[in-house]
Amino acid sequence: MNWARLILREIAFRKLNFGLAVLSVAAAAGCLVAQYTLLRVHDKQTERLLAAREAELRQMMARLQDDYRKIMLKLGFNIMILPAGASLNDLHNDEQPPALMPEEYAHVLASNRVMTINHVLPTLTRKVKWPEQQRKVILMGVKGEVLIQSATQKPLLEAVPAGHVVVGYELHQSLGLKAGQTLVFMGRNFTISKLMEEKGNTDDITLWINLHEAQQLLGMPGQINAILALECNCEADRLAKIRAEIGALLPGTRVIEFASQAITRAEARNRAAAQALASLQHEKEGRARLRAQQEAFAAWLIPVVLSAAAVWIALLTWLNVRDRRGEIGLLRALGVRAGQVLGVFIGRAAASGLVGAVIGAAAGVWVALRWDSGLPAEIYRQALDMGLLAAVVVTSPLLAAAAAWVPALVAARQDPAHILREG
Amino acid sequence: MLVLEKISKTYRTAQGEVRAVQEVSLEIKRGEFVAVRGPSGSGKTTLLLTAGGLLRPDNGSVRINGVEPFALSPEGRARFRAEHIGFVFQQFHLLPYLTVLENVLAAALPRPRADAVDRAKFLLEKLGLSARLEHLPSALSTGEKQRTALARALFHEPPLLLADEPTGNLDEANGRNVLESLAGYAKQGGAVLLVTHDPRAASLAHRSLMMESGRLLQADK
């Protein structure tokens with residue numbers, strides 16, 4: 001017979017009292033572990049979400065950057081250089097001869113870096129009759145991009161190879177044309193290299209062919225009637241300077257601002273990026289708010305549960321002391337010291353703390369793991385804090401013993417003569 | 001072995017003072033079986049608890065084996081009790097969650113000994129309880145309970161055995177059995193003080209004293 005055996009046998013005998021004590025410790029330990037683990041789950045989830053959002057944002061920004069390049073191509077250009085006296089309408093006018101300028105101008109412009117113009121695209125555009133189909137179309141001869149010296153950027157527009165044609169939406173839809181087919185235009189055969197999607201503008205009735213072939217078909221060799229010059233993401237207030245520089249470089253031309261849409265799109269892109277950043281920031285703030293709420297909840301719940309458990313253990317120990325008055329009197333009569341009696345009750349409370357802590361820690365982990373079953377298991381693995389579990393298992397018996405201290409002390413100080421005299 | 005000199009004990013209650021023991025002197029030698037008889041409330045239990053070092057008298061002195069237990073520290077007094085005194089009570093005070101054998105072994109808690117199990121089994125066999133070693137007190141008859149308590153009291157072979165109404169809850173046969181055991185222990189050299197109102201005790205004790213209103217009145221044997 002030893003003290004541990006005595007305590008264990010008494011626990012087995014008074015299961016309800018011990019079970020209730022274990023339950024209270026388990027509830028407190030469970031709350032603590034669950035709350036702490038959930039906070040850690042929240043942190044890990046936040047890290048993961050924000051990392052994903054940041055990666056998403058980076059991808060979006062890259063996509064926007066690429067889109068912007070394409071937008072610039074589709075919109076046309078920041079500026080359009082036309083022969084002096086010509087207007088944009090003249091490009092699609094078949095009633096009077098077009099105003100022209102030398103194709104050489106495109107090379108002059110490309111070789112003399114003007115401000116921040118990054119792309120130079122010479123074109124020859126003319127509204128013409130498609131004699132084989134008895135309908136009017138816009139013919140655009142394109143050379144592709146005249147590369148600017150030392151330019152490192154990707155070309156915006158690939159040249160249409162000689163003998164090939166790109167067909168606008170309305171044309172290929174109404175004529176039932178397919179890519180790879182051959183069509184005859186002004187007596188010459190062209191292989192359809194691409195069918196354009198619907199644009200809702202004059203592009204839908206446009207045929208794009210190689211610039212030199214267009215010059216030959218229209219009888220305008222070495223001539224163009226527009227240069228599309230791009231300045232990426234330019235600002236409108238710089239247009240006057242660009243215009244002055246081009247005027248000096250290319251006499252007999254005029255510069256039309258063609259950038260408002262592009263700028264709008266650029267601004268939209270910047271706004272989208274700003275919104276994405278703001279959204280990320282908002283997400284961060286939202287997560288921080290949610291964490292603060294959880295923390296505040298834990299900050300009052302855990303002390304309340306711990307206090308309730310301590311009071312409950314003290315009460316149960318008090319009841320146990322009352323039930324065991326005769327035993328205390330006998331043990332003292334047998335020569336058991338007051339400190340040993342104290343140890344019996346403290347040991348019992350510590351045992352309830354240990355068992356409760358193990359059950360509570362397991363239950364707390366279980367609850368935390370099942371709180372949001374949609375989360376990946378990896379987050380839970382990262383959130384589990386073995387140090388916390390160990391601390392709970394170690395400190396719970398100590399706290400339970402502390403809670404039982406006063407009633408245990410009362411037990412130890414009971415007068416055995418008084419108890420034995422009462423019978 | 002036990003010397004009580006003019007001990008007095010007064011309880012202060014809401015109803016006033018109760019003079020439980022008044023200037024009682026008593027000496028019990030080794031091998032002597034002394035019975036103190038008297039009605040309920042006469043101060044017998046107070047006398048016994050005082051003699052056992054559990055209840056400090058207001059006046060007078062207690063000496064056991066030449067030692068004044070109340071001169072010792074509480075811890076020293078507890079150790080002294082474990083080494084020198086055995087108690088048997090009317091209510092048995094068996095621990096309900098321990099078996100018969102474990103109840104006897106409870107005496108080894110404050111004073112462990114290497115042969116504890118053998119010693120406990122020997123005593124239980126001697127008292128006719130060898131078939132009950134693993135039973136809980138709830139499965140025992142009152143006589144068996146008291147014999148278990150007696151085995152526990154005799155575990156360390158204490159020089160002084162104090163018994164408070166040990167036959168109070170027993171039938172005649174069991175009561176006689178317990179009294180004979182106490183007398184037998186005295187024959188082996190132990191000093192036995194029995195407080196009881198059982199008239200049978202007088203026939204087995206070496207001395208039988210009457211107690212009334214806190215005073216030892218006379219020796220009736």
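**Note on the two-chain model**

1. Ala288(A) is exposed, with 11 other C-beta atoms within 10 Å. The cut-offs on that scale: buried is 20 or more other C-beta atoms within 10 Å of a residue's own, exposed is 12 or fewer, and partly exposed lies in between, with C-beta atoms placed from the backbone. Ala288(A) belongs to helix H7 (residues 260-323) of chain A. Its C-alpha atom is separated by 9.6 Å from that of His42(A), 246 residues apart along the chain.

2. On provenance, this is a predicted model: local features need pLDDT of at least 70, side-chain atom pairs count only at pLDDT 80 or more, and totals for chains, interfaces and linings use all residues. Residues are numbered from 1 along each chain as its sequence is written, and chains are lettered from A and ligands numbered from 1 in the order in which they are written.

3. Chain A has 13 helices and 11 strands. Both are DSSP runs numbered from the N terminus (helices H or I, at least four residues; strands E, at least two). Of the 423 residues in chain A, 37% are buried. Among its contacts between residues at least 6 apart in sequence, 84% join residues at least 24 apart. A contact here means C-beta atoms, placed from the backbone, within 7 Å.

4. Helix H3 (residues 104-111) of chain A has Tyr105(A), Ala106(A), Leu109(A) and Ala110(A) buried. They cover an arc of only 135° around the axis, which puts them on the same side of H3(A). The arc is that of the directions from the helix axis to the C-beta atoms.

5. The contact between the chains takes 29 residues from chain B and 24 residues from chain A. On the chain B side, the elements giving two or more residues are helix H1 (44-51), helix H2 (74-84), strand E5 (85-89) and helix H3 (100-105) of chain B. H2(B) gives the most, with six residues. By class, that side has 18 nonpolar, six polar and five charged residues. Nonpolar covers Ala, Val, Leu, Ile, Met, Phe, Trp, Tyr, Cys and Pro; charged covers Asp, Glu, Lys and Arg; the others, Gly among them, are polar.

6. Helices H5 (residues 142-154) and H6 (residues 172-187) of chain B pack at about 15°, with their axes 10 Å apart. H5(B) and H6(B) are therefore roughly parallel to each other (angles under 35 degrees count as such). Contact residues include Leu150(B) and Leu154(B) of H5(B) and Val178(B) and Tyr185(B) of H6(B). The residues of this contact divide into four nonpolar, six polar and no charged.

How values were computed
Contact = placed C-beta atoms within 7 Å. Axes fitted to C-alpha atoms, helices over the stretch in contact; angles between N-to-C directions. Parallel < 35°, antiparallel > 145°, perpendicular 65-115°, else oblique.
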